[in-house]
Amino acid sequence: MSRMVTCASELFRRAAMIIVGAMALLITYAIAMRMLNMPMSGEHELIELMMLSIVMFGLSSVQSERSHITIDVLVDRLPPRWQAVCDLQAIVLIVAGCAVIGWANLTMAWEYATVSPMSTDYLSLPLYPFKVLVGLGFWLWGAQALVGLPHAIAGIRDSHIEDR
């Protein structure tokens with residue numbers, strides 16, 4: 001499972017990088033067109049959807065690198081065993097939260113695709129693909145956190161042995 005999650009995270013990371021490049025080109029084009037008094041219509045919706053895509057594609061990669069913003073002022077002062085317990089609790093909360101948020105978004109995507117279609121206001125782009133992306137992004141983030149579970153458990157066990 002670890003290898004599959006790592007490959008999916010890397011694929012999502014590369015997709016985020018491609019979208020960053022595309023968004024830079026789109027912003028440059030939109031600015032140039034405004035300077036020529038020929039503004040591009042709907043660029044704000046495209047940029048918003050691209051930003052959403054970048055974040056969702058990047059969540060699991062950030063988790064794999066443990067690059068999320070953390071405030072360790074209190075945790076760093078705890079003994080190693082309690083630090084490991086806090087890491088374990090964080091993983092459990094991330095996995096549970098990501099599972100619920102992912103499921104809710106995938107359920108909404110199904111509803112937007114079948115029962116009550118939703119789209120963006122100006123360009124009328126369907127929203128269900130982006131809801132799917134949000135759901136998958138959160139699930140992959142949770143899966144990436146789950147990959148760190150054995151390490152967190154080992155940290156508790158190893159610090160327990162050191163305490164003796």
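Is arginine 13 buried, exposed or partly exposed, and what is its relative accessibility? In this predicted model, arginine 13 comes out at 26% relative accessibility, so it counts as partly exposed. Its side chain meets that of glutamate 10 in a salt bridge, with 2.6 Å from N to O. Both residues sit in helix H1 (residues 2-35), 3 residues apart, which is about one turn of the helix. Glutamate 10 is partly exposed too, with a relative accessible area of 29%.

Glutamate 10 also has a salt bridge with arginine 14, this one at 2.8 Å, N to O. Here the spacing is 4 residues within helix H1, so about one helical turn separates the pair. Arginine 14, at 49% relative accessibility, is another residue that counts as partly exposed.

The count of salt bridges comes to 3. Besides the two already described, glutamate 43 pairs up with arginine 34, and their closest N and O atoms are 2.4 Å apart. Glutamate 43 is buried, since its relative accessible area is 8%, while arginine 34 is partly exposed at 49% relative accessibility. As for shared partners, salt bridges link Glu10, Arg13 and Arg14 into one network.

Now for helix packing. Helix H3 (residues 80-114) packs with helix H4 (residues 128-147) at an angle of about 160 degrees, and their axes are 7 Å apart. Angles over 145 degrees count as roughly antiparallel, and H3 and H4 are therefore roughly antiparallel to each other. Their crossing is left-handed. Sorted by class, the contact of H3 with H4 holds 21 nonpolar, 4 polar and 1 charged residues.

Key:
Residues numbered from 1 in each chain as written. Predicted model: local features only at pLDDT ≥ 70, side-chain atom pairs only at ≥ 80, totals over all residues. Heavy atoms only, no water. Axes fitted to C-alpha atoms, helices over the stretch in contact; angles between N-to-C directions. Helix = DSSP H or I, 4+ residues; strand = E, 2+ residues; numbered from the N terminus. Parallel < 35°, antiparallel > 145°, perpendicular 65-115°, else oblique. Left-handed = near helix turned anticlockwise from the far one by under 90°. Nonpolar A, V, L, I, M, F, W, Y, C, P; charged D, E, K, R; others polar. Salt bridge = Lys/Arg side-chain N within 4 Å of Asp/Glu carboxyl O. Buried < 20%, exposed > 50% of the residue type's maximum accessible area, 1.4 Å probe, protein only.
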